[in-house]
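Student: I have a structure open and I'd like to learn how to read its features one by one. Could you take me through it?

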Amino acid sequence: MTHMHITAWALGIILFLVTYAMYRSGNGKARIWHMVSRLLYVLIVATGLILYTGFDLKGAYAMWYGIKMLLGILVIGSMEMVLVRTKKQKSTAGTWILFVITLAIVLYLGFKLPVLPFS
């Protein structure tokens, strides 16, 4: 399940960047890829939730994994906000900052926290 989650978020970030570039260039097919990226968001959240509930969390790790999960949802929300604001040709500076900061924190926590056995 961990491999599926990592694959989903890696593809999600790549597809997010591709869709953003397509919106910026005015490509009409960007809407299709935007919908595909939304499907990946659902897959990311679903696999993350399965992993979170499947871990035998105890003590401080439960808190840190919970924070990581909430920040991961914020990353997905900021990705969606960037795409929607780009589509509407509005300023995206604040949402890009939110995306980069939360993604950096989530990646840090993801690599720093121990890999727990899946029950």
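Tutor: Let's start with surface patches, since they need a definition. A patch is built from residues with over 30% relative accessible area and no salt bridge; like charges are joined within 9 Å, and nonpolar side chains (Val, Leu, Ile, Met, Phe, Trp, Tyr) within 5 Å. Lys and Arg count as positive and Asp and Glu as negative, with His and the chain ends not counted. The place of a charge is NZ of Lys, CZ of Arg, CG of Asp or CD of Glu. Areas come from the Shrake-Rupley method with a 1.4 Å probe, and for residues only the protein chains shown count as cover.

Student: Which residues gather in a patch of positive charge here?

Tutor: Arg 31, Arg 85, Lys 87, Lys 88 and Lys 90 do, on the surface. Before we go on: this is a predicted model, where local features need pLDDT of at least 70 and side-chain atom pairs count only at pLDDT 80 or more, while totals for chains, interfaces and linings use all residues. Residues are numbered from 1 along each chain as its sequence is written, and side-chain values use heavy atoms, leaving out hydrogens and water.

Student: How many helices and strands does the chain have?

Tutor: Helices (H or I, at least four residues) and strands (E, at least two) are DSSP runs, numbered from the N terminus. This chain has 4 helices and 0 strands, so by those DSSP runs its pattern reads α-α-α-α. The C-alpha trace spans about 50 × 25 × 15 Å along its principal axes.

Student: What is the phi of Gln 89 near?

Tutor: Here's the general idea: most residues other than glycine have a negative phi. Gln 89 has a positive one, near 60°. You'll find Gln 89 in the loop between α3 (60–87) and α4 (93–112), and its relative accessibility of 73% is why it counts as exposed.

Student: Now the inside. Which residues have the most contacts in the largest nonpolar core?

Tutor: In soluble globular proteins, nonpolar side chains tend to be buried together. A nonpolar core is a set of buried Ala, Val, Leu, Ile, Met, Phe, Trp, Tyr and Cys residues joined through side-chain atoms within 4.5 Å. The largest one here has 24 residues, and Phe 16, Tyr 41, Val 75, Met 79, Leu 83 and Phe 99 have the most contacts inside it. Two or more residues come from each of α1 (2–25), α2, α3 and α4, with α3 giving the largest share, 7 residues.

Student: Where does Phe 99 lie?

Tutor: Phe 99 lies in helix α4, and it counts as buried because its relative accessibility is 5%.

Student: How many salt bridges does the count come to?

Tutor: The rule asks for a side-chain nitrogen of Lys or Arg within 4 Å of a carboxyl oxygen of Asp or Glu. The count is 1: Arg 38 pairs with Glu 80, the closest N and O atoms being 2.6 Å apart. This pair links distant parts of the chain, Arg 38 in helix α2 and Glu 80 in helix α3, 42 residues apart. Arg 38 is partly exposed at 31%, whereas Glu 80 is buried at 17%.

Student: And which residues make the nonpolar surface patch?

Tutor: Met 1, Met 4, Leu 43 and Ile 50 make it, covering about 330 Å². Leu 43 belongs to helix α2 and counts as partly exposed because its relative accessibility is 34%.

Terms used. Buried means under 20% relative accessible area, exposed over 50%, partly exposed in between (1.4 Å probe, protein chains only).
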